[in-house]
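Open the model in your viewer and keep the sequence panel beside it. This tour tells you what to select at each stop.

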Amino acid sequence: MKRSGWVAWLRLLAGLGILVALVWHLGSHAFLAGLRRIDAATLLAALGIGVLTTVCSAWRWCLVARGLGLRLPLGRAVADYYRALFLNAALPGGVLGDVHRAVHHGRSSGDLGRGVRAVALERTAGQVVLLVTGAVVLLVRPSPVLAPVARFLTSPAVALSVAAAGLLVLAVTVRLRRRRGASRGERALRTVVAEARQGLLARGVWPGVALSSAAVLAGYLGMFVLAARVAGVTAPTAELVPLVVLALLAMALPLNVGGWGPREGVAAWAFGAAGLGAAQGLTTAVIYGALAFVASLPGAVVLLARVSPLSAARPAASGAVPLGIRIPSKEPTRSGTERKAERPPLAAATGMIRQRAAEVPSAVAGGARPQAPQATAARGDTS
C-alpha cells in the first residue's frame, strides 16, 4: 500500500478512535438524544442556512477562479459546491468532495493545475478568516476555556513548533530570492505565491473574498447556536460563541470520518470546561453534524442529475445534433460533372419548369394562383 493510503487509513482510524472514546466516557445517550430532538422546523432552518453558506462559498470560489483567469459561472459553482459538500459529508476524510470539485473544474477549464490551486486557495481563504476570527473572539471575549487554550498555545512544544515553521518559511523565502532559475519545486512554489496574489490579494478580489468568508462563518456559527438550542443549552449566545469557534477550528483537523470526530471531542471538552456539561457539548456537536448533512442534501440531487442516464440520452431522444458533428449523407458523393450531366436541358424542361413555377401557393386562398408571364419566364430562365 502506498504512503498516501496509509495516511488516509490512519486519519480514518483517528477519527473513529475519538468517537469510540466519547461513547466510552459519555455513553451513547448523547448521540441518540441529539438525533431525537431534531424536528421539521429545525431541518428547514438548516436548509436555509445551508443555502446562504453554499451560495457565499460558491461566490468566493468564483472570485478566486476569475482572479486566476479561469471562467466559472456562479450557477455552475453553486451546483458543484453543493455536490462537493454532500460528498464531503458522505465519504470518509471530509475532503474528497473538494478534490472532485477541483479536478472537475480544472479539466473542464483546460488547466487542471490552476483549477486545483483555485479550490485550494478558496478553502485556505475560509480557514484564514476562521483562524483570525477565532483568535479575536478568544482574546476579546472572556471565557472559561480561554485559560487552558492560552496555556496550550504558550506551551514549549507549540512555541518550538511555531518557531521552526517560521524559520523554515524564512529560509525558503531567502533561497527563492537568491536563486532565480532553480529547481522544479522552487518554480512551483513561486507559481503558488504568484497565484495567491492574483487569486486572493488582488484589488478586485480580496474584498469579495473577505465578505463572503465572513458570511459563511456567520452561517456556521448560526447553525451551531441553533444546534445548541435544540440540545437544550440555555446559555447566552455570547457565552456560546467562543465554544463554537473552538469546535469549528477542530473541524479543520484532517482526522475525521465525514466531518465527525475532532468536532465532537473539542465540543465536549469546551462545554465541560465552561460548566455546561460535556454531554451537552457532545449532543450539540451531534445535532450540528446532522443539520450540516441535511443542508448538503441538495448536492445529492445534483449528483444524481449529473450521472442520470436520462440526462445523457436527452439530446438523442429530442433529435438534436450537437454542434460540431456532421451527419454523413447516405447518397454517394458525385462530382460536379456528373451532377451537371444529370440536369435536364433547359430547352426540353422549359415547359415543365414554367408550369410548376406558375403555380405558387397563396397564403390567403387554398388553391394555386398564376403569376405574371414575365416573372414566370424569369424564374424559368434562372433555374
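Which residues does Phe224 touch, not counting residues up to four places away in sequence? Select Phe224 and look around it: Val244, Ala247, Leu248, Arg263, Thr284, Ala285 and Tyr288 are the ones it touches. Contact here means heavy atoms within 4.5 Å.

Before moving on, some ground rules. Residues are numbered from 1 along each chain as its sequence is written, and side-chain values use heavy atoms, with hydrogens and water left out. The model is predicted, so local features need pLDDT of at least 70 and side-chain atom pairs count only at pLDDT 80 or more, while totals for chains, interfaces and linings use all residues.

**The whole chain**

Zoom out and switch to cartoon. The protein chain has 18 helices and 2 strands. Helices (H or I, at least four residues) and strands (E, at least two) are DSSP runs, numbered from the N terminus. Of the 383 residues in the protein chain, 33% are buried. Buried means under 20% relative accessible area, exposed means over 50%, and partly exposed lies in between (1.4 Å probe, protein chains only). Take the contacts between residues at least 6 apart in sequence: 67% of them join residues at least 24 apart.

**Stop one: the nonpolar cores**

Go back to Phe224. It belongs to the largest nonpolar core, which has 23 residues. Such a core is a set of buried Ala, Val, Leu, Ile, Met, Phe, Trp, Tyr and Cys residues joined through side-chain atoms within 4.5 Å. Select Leu221, Met223, Phe224, Leu248, Ile287, Tyr288 and Leu291: these touch the most other members. Now color the elements that give two or more residues to this core: H3, H6, helix H10 (206–230), helix H11 (237–250) and helix H13 (278–295).

**Stop two: the salt bridges**

How many salt bridges does the structure hold? There are 10. A salt bridge is a side-chain nitrogen of Lys or Arg within 4 Å of a carboxyl oxygen of Asp or Glu.

Select Arg60 and Glu122. Their side chains meet in a salt bridge, 2.8 Å from N to O. The pair links distant parts of the chain: Arg60 is in helix H3 (residues 40–67), Glu122 is in helix H6 (residues 112–140), and they are 62 residues apart. Are these two buried or exposed? Arg60 counts as buried because its relative accessibility is 4%. Glu122 is buried too, with a relative accessible area of 0%.

Next, select Asp98 and Arg123. This salt bridge has its closest N and O atoms 3.5 Å apart. Asp98 is in helix H5 (residues 96–109) and Arg123 is in helix H6, so this pair, 25 residues apart, also links distant parts of the chain. Asp98 is buried at 9% relative accessible area, whereas Arg123 is partly exposed at 30%.

Arg60, Asp98, Arg101, Glu122 and Arg123 are linked in a network of salt bridges.

Then try Arg114 and Asp111. Their side chains meet in a salt bridge at 3.6 Å, N to O. Arg114 is partly exposed, at 28% relative accessibility. Asp111 is partly exposed as well, with a relative accessible area of 27%.

**Stop three: Thr53**

Select Thr53, which lies in helix H3. Thr53 counts as buried because its relative accessibility is 7%. A polar atom of its side chain lies 3.1 Å from the backbone oxygen of Gly50. Not counting residues up to four places away in sequence, Thr53 touches Val216, Gly219 and Tyr220.

**Stop four: Leu19**

Jump to helix H1 (residues 3–26) and select Leu19. Leu19 is buried, at 16% relative accessibility. What is Leu19 in contact with, leaving aside its neighbours within four places in sequence? Phe31, Trp260, Gly261 and Glu264. Draw a line between the C-alpha atoms of Leu19 and Trp260: they are separated by 7.7 Å, yet the residues are 241 apart along the chain.

**Last stop: a pocket**Select Gln127, Leu131, Gly134, Ala135, Leu138, Leu246, Leu249, Ala250, Ala252, Leu253, Val266 and Trp269, which line the second largest pocket. On a 1 Å grid over the protein atoms alone, a pocket is an open set of points where a 1.4 Å probe fits, with protein on both sides within 12 Å along at least five of seven lines; lining residues have an atom within 4 Å of a point. H6 gives the most to this lining, with 5 residues.

Terms used: A polar contact is a pair of N or O atoms within 3.5 Å; within protein, one must be able to donate a hydrogen and the other to accept it, and residues adjacent in sequence count only if both atoms are side-chain atoms.
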